Amino acid sequence: MTERDVPERFLDGYARILTEAAATGRRLTREEIESRRALGEQAADAGWGLRACVTAHLAATREAWPRTPGAADSALATVQQAVDAFAEGYERAQRQAVRQEEAARREFIDDLLYGRSDLGRLAERAERFGLRLAHAHAVAVAEGPVAYAEGSGVPRRVEQALLSRFGNRNVLLTTKDGRLLCIAPGQESEVLPYFAKQAHAATDGGRVAIGRPQPGPGGVVQSYEEALNALELAERLDLDDPVLYAADLLVYPVLTRDRQAMADLVANTLGPLAEARGGARPLLDTLAVYFDSGCVAAETARRLSLSVRAVTYRLERVHRLTGADPADPNHRYMLQTAVIGARLLDWPDKEL
């Protein structure tokens, strides 16, 4: 935009102030400064760019520049005060607009994830943020070493990376409960893995869980809950993967759906390990690493910083106490399922 594009109402009184202040050498009054701030706010609210507004002030300055010798210093001081006050008001309006936008986005996310609005109204509001709730969506949730805050450095860097890679593809990035959320259309299969990569890199660590694409307004909630459950499972199972896919972890909700049955399996299968010297924990940890290592004793020993002989002894001890041989394929599935159940139920640290 050029200075001619900016309406004269945003320069109201500027020429008079410049002429009077330059002639007398006085500074702007409090009322005059406040009037410049108010005009700056109005210009921002009307959508005019700050650069165009400053250019318009400079053009008006040239027209009203004093012809009196020695008035230049006073005129420049007046221009500085007036433009500074105008820019302050402009920036204040922009900050307020950003806060309102952030508040509206947080309110929308809360209503979307907790179902506090009727679906018709929710769908209308969703379009403002680029979401079409009639379609399938998937949600990724990132946890970092510290809580994420709306507008902080990490969310801004991740958002910029997404925009640079994909442009505007109806992707919503926001924060919730100290986590970073990315909601993307289900058919955009590249967006969430890229988000996960950027979020992990931006925090030099952290973990991201990606829910499955789910249809309809309730699909966002379902995918979000899947991602949260995946993060919780990763914490309880000590999973090392920086990126978790809910689709790959579906077996765990199935295993824990009947908690009492799982508790019975753990108690009946692994309960005898409590009789071992040192309790059940060392043998249980050995079993967990043994299964994670593909049932290879040498790899288990390396991961536990033990000798292969010590690992073999522990596995034999498990066999003697439980009657189930970890090396026997017929016993292995029951033992491994019980080990997973113990981790999910936090046994033996907690009573079953």
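Trainee: Which residues are linked in a network of salt bridges?

Mentor: Happy to start there. This is a predicted model, so local features need pLDDT of at least 70 and side-chain atom pairs count only at pLDDT 80 or more, while totals for chains, interfaces and linings use all residues. Residues are numbered from 1 along each chain as its sequence is written, and side-chain values use heavy atoms, with hydrogens and water left out. With a salt bridge taken as a side-chain nitrogen of Lys or Arg within 4 Å of a carboxyl oxygen of Asp or Glu, the linked residues are Glu34, Arg37, Glu41, Glu88 and Arg92.

Trainee: How many residues apart are glutamate 34 and arginine 92?

Mentor: These two form a salt bridge, with their closest N and O atoms 3.8 Å apart. Helices here are DSSP runs (H or I, at least four residues), numbered from the N terminus. Glutamate 34 sits in helix 2 (residues 30-45) and arginine 92 in helix 4 (residues 72-114), so the pair links distant parts of the chain, at a separation of 58 residues.

Trainee: Is glutamate 32 buried or exposed?

Mentor: Its side chain meets that of arginine 26 in a salt bridge (2.9 Å, N to O). Buried means under 20% relative accessible area, exposed over 50%, and partly exposed in between (1.4 Å probe, protein chains only). Arginine 26, at 26%, is partly exposed. Glutamate 32 has 9% relative accessibility, so glutamate 32 counts as buried.

Trainee: In which helix do arginine 281 and aspartate 285 lie?

Mentor: Their side chains meet in a salt bridge (3.2 Å, N to O). Arginine 281 is partly exposed at 29%, and aspartate 285 is partly exposed at 33%. The two are four residues apart, about one turn of the helix, and both lie in helix 11.

Trainee: Why are helix 11 and helix 12 oblique to each other?

Mentor: Their axes, lines fitted to C-alpha atoms over the stretch in contact, are compared by N-to-C direction on a scale from 0 to 180 degrees. Angles under 35 degrees count as roughly parallel, over 145 as roughly antiparallel, 65 to 115 as roughly perpendicular and the rest as oblique. Helix 11 (residues 281-292) and helix 12 (residues 297-304) come within 9 Å. The pair is therefore oblique, as the axes cross at roughly 125 degrees.

Trainee: Which residues of helix 12 make the contact with helix 11?

Mentor: Contact means heavy atoms within 4.5 Å. On the helix 11 side, the contact is made by Thr286, Val289, Tyr290 and Asp292. From helix 12 come Ala297, Thr300, Arg303 and Leu304.
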